[in-house]
Amino acid sequence: MPLTPLSRPLTAEDAAHFLRRTAFGATDEQIRALVGQKAQDVARAALAFDQSVAPGNPFDPMQGATPGAALQLGRGAWLYELAYGPHPLREKLALTWSNHFVIATDKVRNVPAVVDYLNLLRRHAATRSFERFTLEVAQSPAMLRYLDNDQNRKGKPNENFSRELLELFTTGIGHYTENDVREGARALTGWSYQGGRGNKQYLEQPRFVNQPQQHDDGKKTYLGQSGALKGEDIVRIATSQPATATFVSRKLHRAFLADTPDDAAVQGSADTWTRTKGDVMAVLTELLASEAFYASRSRIIRSPIEFLVGGIRTLGQPKIDARSLLNLAGTAGRMGQVLLEPDTVKGWDGGREWINDTTLLLRMQVAAALTMGSKAPNLDTPPSLLALTGQERPAGAVLLSSLKGRQRTYLSLISPEFQLA
Amino acid sequence: MTNRRDFLKLSALAVAATSGMPGFLARAATQAGGTKTLVVVQLTGGNDGLNTLIPYSNGAYYAARPNIAIPKKDVLTVTPDLGMHPALRPLMKLWDDGHLAWMENVGYPNPNRSHFASMAIWHTADPTQAEADGWIGRIAEKIGDPFCASNLGAATPQALQASEFSLPSIDSVDNFQLKLPGGMNTPFESLLNSPRSGEAAYLTRATRQMLKNTARVQENVKKYKAGATYPDTKFASQLRDAARLIAAGVGQRVIYVSLGGFDTHAGQRAEQDGLLGTLAGGLSAFQADLERQGLARDVIVMGFSEFGRRVAENGSAGTDHGKGSVMFAFGQGVKGGVHGSSPDLEDLSEGDIKYRQDFRGVYAEALTRWLNLDARGILGGTFTGPRWIA
């Protein structure tokens, strides 16, 4: 059963909710502009993004003096795009996919590979073909390096990518056997990349190579299908499993609906996924205009990046100098979210795991820096309570209304209401 | 920045306002009595047990690992058949003193080669993966004090999840204090007093608990004066923070520290050698520090990894995910030696060793004979393991 579309025109709180989830947050003016519109039109418009980027990005990872510096500049560049770019939903999806098809820059350590990888996530952000997306991921030098498939050769299998393809990228645990992992690894032998290896070549562009002499062309059996299977076959078979529709839909619900998704709603998206053969654009269009989406208020704890970018966008995108932005990207790391470097290949679990004593303290410090610190941006009009909390009458509204601009903004940013989307 | 008096005032308010807290948070911490501390060290990524405690007299070991086996001449001999990885040399004194224990061949039924499923099993102490709470979270519930166990690091592991709360994570003791801009204490307190439900209520509770925890640590941590020089690694600095918390006497019964990077699919020797060096360097400094402070009698360390690696190396001079592995423990309260028998490398299950000791038996020993708690209630069953507590 597809998800039921929202029938009412958007109220102010509906519009605030939509922009908190799809744009990290917005100003009062941006929220009001959506009031009265149809949910389907709003969803379609937000998803109709192109690949244009924010003008004047001060960071260029290719200028990095060392691999570590270059990757830090890359994180700054992404934070800038997240906070100031013209297509926040594209960036939100790229962030979501970076937490699905996980790589980690500390292992990849090649700048063009990481830049290409992020652009791949952007290009497929609302992909029409999850199979095509997964294939490009599997052949990207960043992933080949991160999960060691560049070391996977005939007679010398390396199972790392084959296992995670099933466990984390497609079907999830419980839908395959250890034998499928082994056979998948055999089919993926020979996929590697050329160039860009080693610390000194961190600015050299690596390229995917298929090495037939390293490929095991014998017969394999994978998820019930047999033959002289190749890497492309493995990707096709894994992505077309019914379990994949549910597993990946669930991740989209985690990103857009709730930290603990509703199984029936997930199934609705999985049905659409199956019917459209993994057309993520179709799934998202339905999802972001559904009753279920608009009914799921305050059920996602904002990640550190969502907290930071949400703060900047809610404040009306005030100018923040490059150095401070780099510091903010580093602070997001201390709050548990280094861009393109989750702790493990499973990615960030999110939800309540974002919250502990240390991360709460850091959130308070960041909020103070954005609103009350000596270098805090000057705001002509402080954000409305609707923009800050998503509610016209939030908890503590009387208290907040009695405070002056900066103090009210500061206190709102550290309130439970702002921490949630 | 708030001054100290304001800060204490705020903290006092936070301490008083426990209504609406989950039951165990509001209860008086009557059972928190003991003075013993257990430090749990997680080696994340699946540490290769066979290259940690090495069966150097076993030809099958060298046959299976032509490129990555530790040569016999490099092994730190501990028994006629077993020796430690050379990078573990800083721990040899503990071994010689009879305070370092190796638990051989530890695992659990129906082993899972997924990092995450397997880690969850070790964290929840539940191989069926039905439990969401962690075993240390349940210790905190039993003791009735959410601050009796902390993680050192940015993210709280599942082991420290309790049903309604996750236990504190302390990234750095020095930064573990609240600094509100001037004049904001009272409005902040009022804001927290607004009624909330769902995740918003959870966040309110988490914030209140943070206020209480940070106050407690900062009050006490000044008591510590370093008794040893720690290596310049993040892992070692976390262990120094562990020593500071213990010296502060803030009631920590369990402290959790992680060292990641053990997922050695390729080029294992270089990676694992470096990691084991970091591990041993940090741990030996920690032990020296405790000894100089006169705290060593009350602290033991127990280390684990979610699984070991395959017996045979793969084609990239690394190893893929395997099953059982070794655990270690040390401290003056530990009975040194090798506990349990080594795996039979010629009788394997899908290329992996067949485990002989259930990790829950190892936990049970720490729970009952070190922390003096009812292991059955925490582990959901009776498990017996090696008697590794002295």
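This report covers a sheet, a helix pair and several salt bridges in a predicted model.

## Sheet in chain B

Three strands of chain B form an open sheet in the order β2-β4-β3, with antiparallel pairing. The edge strands, each pairing on one side only, are β2 (53-54) and β3 (76-77) of chain B. β2(B) and β4(B) (residues 83-84) run antiparallel and are joined by two bridges. Ile54(B) has Gly83(B) in β4(B) as its bridge partner.

## Helix pair in chain A

Helix α7 (residues 111-123) and helix α8 (residues 130-138) of chain A have axes that come within 11 Å and cross at roughly 180°. The two helices, α7(A) and α8(A), are therefore roughly antiparallel to each other. On α7(A) the contact is made by Tyr117(A), Leu120(A), Leu121(A) and Arg123(A), and on α8(A) by Phe133(A), Glu136(A) and Val137(A). Five of the residues in this contact are nonpolar, two are charged and none is polar.

## Salt bridges

Over all chains, 47 salt bridges are counted. In one of them, Asp14(A) meets Arg297(A) at 2.4 Å, N to O. Asp14(A) lies in helix α1 (residues 12-22) of chain A and Arg297(A) in the loop between α16 and α17 of chain A, so the pair ties together parts 283 residues apart in sequence. Asp14(A) is buried at 1% relative accessibility, whereas Arg297(A) is partly exposed at 28%.

Another salt bridge links Glu417(A) and Arg196(B), with the closest N and O atoms 2.6 Å apart. Glu417(A) is in helix α23 (residues 416-419) of chain A and Arg196(B) is in the loop between α7 and α8 of chain B, so this pair joins two chains. Glu417(A) is buried at 7% relative accessibility, and Arg196(B) is buried at 16%.

Terms used. Residues are numbered from 1 along each chain as its sequence is written. Chains are lettered from A and ligands numbered from 1 in the order in which they are written. This is a predicted model: local features need pLDDT of at least 70, side-chain atom pairs count only at pLDDT 80 or more; totals for chains, interfaces and linings use all residues. Side-chain values use heavy atoms; hydrogens and water are left out. Two strands pair if DSSP finds at least two bridges between them. Helices (H or I, at least four residues) and strands (E, at least two) are DSSP runs, numbered from the N terminus. Axes are lines fitted to C-alpha atoms, for helices over the stretch in contact, and angles run from 0 to 180 degrees between N-to-C directions. Angles under 35 degrees count as roughly parallel, over 145 as roughly antiparallel, 65 to 115 as roughly perpendicular and the rest as oblique. Contact means heavy atoms within 4.5 Å. Ala, Val, Leu, Ile, Met, Phe, Trp, Tyr, Cys and Pro count as nonpolar, Asp, Glu, Lys and Arg as charged, and the others, Gly among them, as polar. A salt bridge is a side-chain nitrogen of Lys or Arg within 4 Å of a carboxyl oxygen of Asp or Glu. Buried means under 20% relative accessible area, exposed over 50%, partly exposed in between (1.4 Å probe, protein chains only).
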